[in-house]
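Keep the viewer open as you read.

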Amino acid sequence: MIPQIRKLAPIGSLAVFALALWALHREFAHLHLRDVMAQLEAVPVASLAAAIALTMLSYVVLTGYDALSLHSIERPLDYRRSALASFLGYAVSQNVGLTLISGAPIRFRLYSAWGLSAVEIASVVAFNGITFWLGLVTVGGLAFLTAGGSVPTALHLPLTSLRPVGAVFLLAVFGYLAACLWIRRPLRIGRWELAPPPVRIALLQIVVSTTDWAVSASVLWVLLSPGIEVSLPHFLAVFMLAQILGLVSQIPGGLGVFETVVVSLLPAGADASVLLGALIAYRVVYYLLPLVVAVGLLVAYEVGQRKRQLATASRAIGTGLSLVAPSVLALTVFLGGAVLLVSGVTPADTGRLRWIEKILPLPALELSHFLGSVAGILLLLLAWGLRRRLESAFFLTLAVLGSGAIFSLFKGADYEEAMVLTAMMAILAPSRRFFYRKTPLLSEPLSTNWLAAVAMVVIGAFWIGLFAYRHVAYSSELWWQFTLHGDASRFLRAGIGVAVGLMVFGMARLLGPAAPRNREPSAVDIERAGAIVAASPHASANLALLGDKSFLFSASGCTMIMYAVSGQSWIAMRDPIGREEEFPDLVWSFHSMCDRHGGWTVFYEVGEDNLNLYLELGLTVLRIGEVATVPLQRFSLEGSGRKELRYIRRKLEKEGCTFEVVDPVAVAGLLPELRAVSDAWLEDKHTREKGFSLGRFDDGYMSRFPCALVRRHGRIVAFANLWPGAAGGELSIDLMRQVADAPNGVMDFLFTHLLEWGRDRGYSRFDLGMAPLAGLRTGPFATLWNRLASLAYRYGEYFYNFQGLRNYKDKFDPEWRPSYLVCSGGRAVPVVLADLAALISGGLLGAIRK
């Protein structure tokens, strides 16, 4: 139910946006676009300069959020670094919306490259969120109490005065200070726990955030003050209420909602054209200019990193940047598409049209105008392809940006617009390495959020066109009027072009190839997988031969992901197998397949090497344990540390125990005896066969692999089927079973012989498997997952021998590396864990029964 509700949220935001435009349309019914443009051009240079200076000051103050957060977790960074992360994060989030969330990925990519852990970065984001809301409720509370006033019924808010709201806001601030003074236990914020900071830090939070909100309000104040008389307390109350409602609407930047509230609450006698002109100037100065600067900084940073790409630190930062750049470039291209659409529905400059008339024939001008709008809608759609790192979207976007710049010049000598599009093309062109996926553009699923954003731009552009030509008498003849000054006719034809473009895109997707569906693997699939497994150095790749997984193959057929579906979770086992250069595209293809079927993308027991790929998908990384790997070339039974193993080995040899490895052909003749050992082990452990991440005793499966045997006086008392990797690669075991009367230490006996056997045959390492929940970090800033998992590791011995298993593997002196579960975060995690347990144990009942 929750995923369905989340999908409806963008539709709700779209409805709020449409209602806000309707309210503005009604409010400005008497206004003409030329009056607004005249007022926009009439904004005093001094006011504009003051607004730009205050915007710069506001973003400088915003960097204090991160500096204060880093100080609170005792991880101070060089100010230039924290300021860069803060500015990039806020410049993007202010335009995208979800201010607290959308800046988090940028901070994660940069801060992680500078040495901060995921827990520390999450603490910075949470602390920033608290600081943000502290300033909002402090300034809002003071402004509401001071100005008060009645709330117009047109806003349909469940209150008539702002003073009670102001009182509640200030009580919340005092409550926070009291908590910091007297409460020493951690505060619970969603699934995070944060210790209340000292009162001194809390006061600094309030000072920094209130300064930020006051300065940001001053930007609009200096743009309004030359033409509209309004008291500062009243203006501040209006501004804060508009910001709060904009945040609640979840519309990017509160676009439309913010303007509606400001227009409704400012004095009724205010000149509407002056008011709307100031609001447009505010959007450009406070939102768009910082975004342009942020994109420029990102490009400059990338160029600087390339100069030092041989250094380890540079490669780490470059990797972090590669995770951020596609999203920022996609947003930039999206804005470019919006610029073309808005330009296509607004009147052209008369003087420039006369100049163009002398150079180009009228049909060329008309065609350029029409194609410019089509290019705009194409950029909106291609931006999603850039976000998904599609190679085809990269090249098509370059072509459309270049064409759009030419169309802008031809349709009305809009050289400013052409320069913006050319700059976007110049920024995008050097970023080819970020767009590596060969997947066809039309096969990528579109998110509801992105579709809602496209709809907002199209509806907004259409509203601007209706506003610009509201005094035109519309008739059927208007469609076919081709004149130099026929702006209204061109607006209608551009609208048709956009509608046809969207319709063609929709039809192409509907008639495109169907998404692959989950199905049982065929014998052919398993044989194809077997060829990939045979070439893989990783022993765990042999899980593909178990027969309980489906496969997603790359286009070349040389790389695959093995997966199974449980509930709503589509769970991939381990990292992709095969050619590493094909991993990124295959991971994205798997994610797209999950999206198409409404499933959650999950990767289970993955290592560190490919975490960046999963982070690009926007997934959450959870550490679930550590994997023990023994380097075989250095393994020996010599030395005091191996005394116990040598004793067990001599003891069992004296008791008549022998070790041997039989090849797969010989295993077939031993299956009845091996099954008897397996059944006895299952009965003794009161458990049953598992699956997916663990093998099971199946005649066909067992006959595929060599088997290590321990015999006592000729009778098999223990066995383990072997997973061999490619020559010189990894060796591991799957099933490891013994009879109840096997001598003590029989598995130590088997392991010591097996490690020497693998070393003598040229294998480089032996995989002892994972120690669940081992190695998780704890502390005041640990996530709820880490805290619960650590408790289970310490006190869950009754249910599972967590610590004993790790201690057992430690006796072989292995190298430990972390293992992760990658999935959707938040409330999805418990459901994913339940689906995973059911998949491995053959149902939830099986998980409970062992």
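Start with the residues Leu381, Trp384, Gly385, Leu441, Glu444, Leu446, Phe505 and Arg509, which line the second largest cavity. Bear in mind that this is a predicted model, so what follows describes computed coordinates. The cavity holds about 50 Å³ of space, and the structure has four cavities of 30 Å³ or more. As for how such gaps turn up, rolling a probe the size of a water molecule over the atoms shows where empty space is left.

Helix H3, residues 45-72, has 28 residues and spans 41 Å from its first C-alpha to its last, close to the 40 Å expected at 1.5 Å a residue. After H3 comes Glu74, with a positive phi near 60°. Helix H18 covers residues 448-468; its 21 residues reach 30 Å between the first and last C-alpha, close to the expected 30 Å. Which residues of H18 are buried? The list is Trp450, Ala452, Ala453, Val454, Met456, Val457, Gly460, Ala461, Trp463, Gly465, Phe467 and Ala468. When you look down the axis, remember that an α-helix has 3.6 residues a turn, so residues three or four places apart point the same way.

Now for the strands. Strand E3 (residues 550-553) is covered on both faces: Ser550 and Leu552 are buried on one side, and Phe551 and Phe553 are buried on the other. E3 pairs with strand E4 (residues 560-566) in the antiparallel sense, over four bridges, and Ser550 has Tyr563 in E4 as its bridge partner. The hairpin they form has six residues between the strands, and there Gly557 takes a positive phi near 80°.

Strand E12 (residues 765-772) is mostly covered too, with seven of its eight residues buried. What joins it to other strands? Strand E7 (residues 620-631) runs antiparallel to E12, with seven bridges between them; Ala628 stands opposite Gly769 of E12. Strand E11 (residues 730-738) runs parallel to E12, joined by three bridges, and Glu730 is the bridge partner of Arg765 in E12.

Is Glu605 buried or exposed? Its relative accessibility is 11%, and the cut-off for buried is under 20%, so Glu605 counts as buried.

Finally, the cysteines. A disulfide is a covalent bond between the sulfur atoms of two cysteines, and this structure holds zero of them. Cys594 is buried, with a relative accessible area of 0%, and Cys707 is likewise buried, at 0%.

Methods: Residues are numbered from 1 along each chain as its sequence is written. This is a predicted model: local features need pLDDT of at least 70, side-chain atom pairs count only at pLDDT 80 or more; totals for chains, interfaces and linings use all residues. Side-chain values use heavy atoms; hydrogens and water are left out. On a 1 Å grid over the protein atoms alone, a cavity is a set of points where a 1.4 Å probe fits but cannot get out, and a pocket is an open set with protein on both sides within 12 Å along at least five of seven lines; lining residues have an atom within 4 Å of a point. Grid points are joined across faces, edges and corners, and a volume is the space filled by probe spheres set on the points. Helices (H or I, at least four residues) and strands (E, at least two) are DSSP runs, numbered from the N terminus. The expected span of a helix is 1.5 Å times one less than its number of residues. Buried means under 20% relative accessible area, exposed over 50%, partly exposed in between (1.4 Å probe, protein chains only). A disulfide is a pair of cysteine sulfur atoms within 2.5 Å. Two strands pair if DSSP finds at least two bridges between them.
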